Amino acid sequence: MAVPDRPAAAPVCAGIVLAAGAGTRYGRPKALAEGGAWLRGAVAALRDGGCDPVIVVLGATGPDPEPLDLPAGVQHVWAADWATGLGASVRAGLIAAARTPARYAAIMPVDTPDVGADVVARVTAAAFEAPSGLARAVFRNTPGHPVVVAHGHWTSVCQEAVGDSGARTYLSGRNDMVCVTCDDLATGVDRDYPASSAR
């Protein structure tokens, strides 16, 4: 009797949570926002969306992860130069991911609390199928997160992630990024201010 073919295993995708900033406009590091709920939510979105390992990039809160009470099994890395801008966090996260078996990285900031596992799963699936290995969530025709980047791009992203540009400088110059509409799943809005603040 013929044995049915097993479905191919999905590529290994690391999840990277960018949680290094000081949250100046928010009033405190966003890694601590809502008692750490945003951070735990970002970790859960990546993990439940199929990412393993999940790496949290620390910065303003210091190199010790203990005050953040990270979920079990989550890796962490401290971007010592976090104050120079978002690029430092992206570099630290991708360098940490390069020490794992991951062939893709899903990058997500800590301050998009309504982005869940369904968004992550949709965007990673698109990246796995794309010849470029590049995909990102789009909300209301606006680029958002997560951004999924195949391993072959990591070195170039790190070279161009300077200051507050993050991966944007490298990715904006490419026409092979798959844009994945996720309006039906989340708003993708990043939260720069506490809900109760006037602005």
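1. Basis. The model is predicted, so that local features need pLDDT of at least 70 and side-chain atom pairs count only at pLDDT 80 or more, while totals for chains, interfaces and linings use all residues. Residues are numbered from 1 along each chain as its sequence is written, and side-chain values use heavy atoms, with hydrogens and water left out.

2. Cysteines. There are zero disulfides in the structure, a disulfide being a pair of cysteine sulfur atoms within 2.5 Å. For C51 the closest cysteine sulfur, that of C13, lies 4.0 Å away, which is too far for a bond; C51 is also buried, at 3% relative accessibility (buried means under 20% relative accessible area, exposed over 50%, partly exposed in between, with a 1.4 Å probe and protein chains only). The sulfur of C182 is 10 Å from its closest counterpart, in C179, again too far for a bond, and C182 is buried at 0%.

3. Cis peptide bonds. The bond from D52 to P53 is cis, with omega near 10 degrees, and P53 sits in the loop between α1 (37-48) and β2 (54-58) (helices, H or I, of at least four residues and strands, E, of at least two are DSSP runs, numbered from the N terminus). H145 and P146 are likewise joined by a cis bond, with omega about 10 degrees, but P146 belongs to strand β6 (residues 142-150).

4. Positive phi. E34, not a glycine, has a phi of about 55 degrees in the loop between β1 (13-18) and α1, and is partly exposed at 48% relative accessibility. N141, with phi near 65 degrees, lies in the loop between β5 (134-139) and β6 and is exposed at 79%.
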